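Keep the 3D view open as you read.

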Amino acid sequence: MILCCVLNLGSIFATVAEAAPTSSELLEQGRKLLEAGRLAEAELVLDRAEKLAPSDPVILTLDAKVKGRLGEYSGAVALLKRVIQLTPESAQAHVDLAIALADSGDLNSALAETATAISIAPGLAIAHLNRARILDDMKQDREVGDEFALAARLAPGNPDCYFYWSIAERTHGNFTKETELLRKVVKVQPGNLKAHLMLANSLLDQNRTAEAVAELRIALAIDPNSTQAIYKLSRALLKTDPEESKRLGSRFDRLKAQNSVVERAKALANEAFHAFTLQDWRESVRLFSEAVETCGDCEIESTLHRDLGLALCREGQIERGAEELRKALALSPEDRDAAKALEAIRVLNKTE
């Protein structure tokens, strides 16, 4: 795993007081950031909104949603419990809390919240869907199928109902039912790569190779660099089309070879981190820059841009650092360190 530089922003930028926007303005800003997938920035904005309006359930719920997507489950649970106190008769609020509790590992409490939601709104499909998922996690198999079926009847256009139901059926070896459900998912969401791959797996498990090949070709059309699709299609065509199977195998090997580039970039980044710990900012910047160049558009590109940006800030090259941080956030919108550093730079620039 690549070692990442965590910048102590307080050691670089002075805390600056600024005119605060209203909570409603911050809520709207946070919503737009969330819609754009800029999670870390959205969290910063919504945390500020929550401080201004601690009893606004809309702000609390949106802030909890962002924290949940960022993996801050305990924070999400705490916010949603406050929402429940403010709106105890909101079935959706109980569902939201159930999801956060399940994500945090508290399945019993999550199940209780779904029961409360259903008692308030028996026809709420999302409540039955999440109850089914929680029951499945708890291995309470007798009720799982009925809950999934009810959720699907209540919301036939929601692909999640069929997707998560298919996972439960696969667990029990019911491949025919799994296939049926996954076909419904891809009908509603034809661009769902994961569903097409899972459907291909299900078909292969039933020796329905021709149908599986068709699904794998669709998966490759969605993502031509999907190593899973390339490998599985190569294996599936081994007997019926050995030439294409060989071409796909070579393509898979080329993609694997790119991993060596990633390893070199990681090694450079770790050297850069060591220089960073020694406060050798110039050497750290040089090594991170080389790591970025080596990586290109590899899988750790966003992390490298972030770390280079932070190192540049330490060296005093604030504008160049901000440019790298913006690149990192564009590639990885959930990066809190990049978001906080850019916010600090923005505040600093406003005071100059």
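First, a definition: a salt bridge here is a side-chain nitrogen of Lys or Arg within 4 Å of a carboxyl oxygen of Asp or Glu. With that in hand, a search of the whole structure turns up 28 salt bridges. Bear in mind that this is a predicted model, where local features need pLDDT of at least 70, side-chain atom pairs count only at pLDDT 80 or more, and totals for chains, interfaces and linings use all residues. Residues are numbered from 1 along each chain as its sequence is written, and side-chain values use heavy atoms, with hydrogens and water left out.

Start with glutamate 72, which pairs with arginine 336; their closest N and O atoms sit 2.7 Å apart. Glutamate 72 is in the loop between helix H3 (57-69) and helix H4 (73-86), while arginine 336 belongs to helix H18 (residues 336-351), so this bridge ties together parts that are 264 residues apart in sequence. (Helices are DSSP runs of H or I, at least four residues, and strands are runs of E, at least two, numbered from the N terminus.) Glutamate 72 is partly exposed, at 27% relative accessible area, and arginine 336 is partly exposed too, at 24%. On this scale, buried means under 20% relative accessible area, exposed means over 50%, and partly exposed is in between, using a 1.4 Å probe and protein chains only.

Now for a bridge within one helix. Lysine 177 and glutamate 180 meet at 3.3 Å, N to O. They are three residues apart in helix H10 (residues 175-188), which means about one helical turn separates them. Lysine 177 is partly exposed at 26%, and so is glutamate 180 at 37%.

Next, look at glutamate 244 and arginine 217, whose salt bridge has its closest N and O atoms 2.8 Å apart. This pair links distant parts of the chain, 27 residues apart: glutamate 244 in helix H14 (residues 242-277) and arginine 217 in helix H12 (residues 209-222). Glutamate 244 is buried, at 15%, whereas arginine 217 is partly exposed, at 38%.

Where does alanine 127 lie? Look in helix H7 (residues 125-137). Alanine 127 counts as buried, with 0% relative accessibility. Setting aside neighbours within four places in sequence, alanine 127 is in contact (heavy atoms within 4.5 Å) with Val95, Thr114, Ala117 and Ile118.
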